[in-house]
Each structure stands twice: as C-alpha cells, then as structure tokens.
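Please work through the exercises below with the sequence and the model at hand. Each task is followed by a solution in steps.

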Amino acid sequence: MNEQQPFDRKARDAEKAASRREDAARLAAGEDPMVLQRENSIFPEGFFKGAKIENLKEAIGR
C-alpha cells in the first residue's frame, strides 16, 4: 500500500506566492487580465456555455 507523503504547507504557500508575483508582473507588463483568468481557472473556456440546470427551482430551495 502507498504511504501518503505529509503535506508541505510552506512549500505550497511559496509556490502560490511565486505564481501571484508572476501574474502581477504580467499584468504590469500590460497582459490582458482575461488571459490570466483563463489560465488560472479550473474550468476551460466555454465550460458553462449552453449548460442546462435541471430542477433549478428545487436546487435553490423554492
């Protein structure tokens, strides 16, 4: 059985901070914020386009 490695919070925080600095530099250089948003999103562009929500009234409790 595979043993799970302990989560290194400091390393993850450092990765996130570096990513934020890179994004800030790209914005300062004039890059389109929507490009960064698409790259950073977990959903691909157009993911929700044409989506149908069944039983919407039930989903929101009405």
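The model is predicted, with local features requiring pLDDT of at least 70, side-chain atom pairs counting only at pLDDT 80 or more, and totals for chains, interfaces and linings using all residues. Residues are numbered from 1 along each chain as its sequence is written, and side-chain values use heavy atoms, with hydrogens and water left out.

**Exercise 1. State how many helices and strands the protein holds, and what pattern they follow along the sequence.**

Step 1. Helices (H or I, at least four residues) and strands (E, at least two) are taken as DSSP runs, numbered from the N terminus. The count is 3 helices and 0 strands.

Step 2. Along the sequence, the pattern reads α-α-α.

Step 3. Of the 62 residues in the protein, 5% are buried; buried means under 20% relative accessible area, exposed over 50%, and partly exposed in between (1.4 Å probe, protein chains only).

**Exercise 2. Describe how helices α1 and α2 pack.**

Step 1. Two packed helices are described by the angle between their axes and the distance between the axes.

Step 2. For α1 (residues 9-28) and α2 (residues 33-40), the angle is about 155° and the axes are 10 Å apart. Axes are lines fitted to C-alpha atoms, for helices over the stretch in contact, and angles run from 0 to 180 degrees between N-to-C directions.

Step 3. Therefore α1 is roughly antiparallel to α2, a label for angles over 145 degrees.

Step 4. In α1, Asp 23, Arg 26 and Leu 27 meet Pro 33, Val 35, Leu 36, Glu 39 and Asn 40 of α2, where contact means heavy atoms within 4.5 Å. The residues of this contact comprise 4 nonpolar, 1 polar and 3 charged. Here Ala, Val, Leu, Ile, Met, Phe, Trp, Tyr, Cys and Pro count as nonpolar, Asp, Glu, Lys and Arg as charged, and the others, Gly among them, as polar.

**Exercise 3. Is Arg 26 buried or exposed, and which residues does Arg 26 touch?**

Step 1. Arg 26, in helix α1, has 18% relative accessibility and so counts as buried.

Step 2. Not counting residues up to four places away in sequence, Arg 26 touches Glu 31, Val 35, Leu 36 and Glu 39.

Step 3. Leu 27 also lies in α1 and is partly exposed at 41% relative accessibility. With residues up to four places away in sequence not counted, Leu 27 touches Pro 33 and Leu 36.

**Exercise 4. Characterise the pair formed by Phe 47 and Phe 48.**

Step 1. The structure holds 3 aromatic pairs. Rings of Phe, Tyr and Trp (its six-membered ring) pair if their centres lie within 6.5 Å; planes over 60 degrees apart count as edge-to-face.

Step 2. Phe 47 and Phe 48 are edge-to-face, at 4.9 Å centre to centre with 90° between the planes.

Step 3. Phe 47 is partly exposed at 46% relative accessible area, whereas Phe 48 is exposed at 53%.

Step 4. Ring pairs join Phe 43, Phe 47 and Phe 48 into a cluster.

Notes. Parallel < 35°, antiparallel > 145°, perpendicular 65-115°, else oblique. Phe/Tyr/Trp six-rings, centres within 6.5 Å; stacked < 30°, edge-to-face > 60°.
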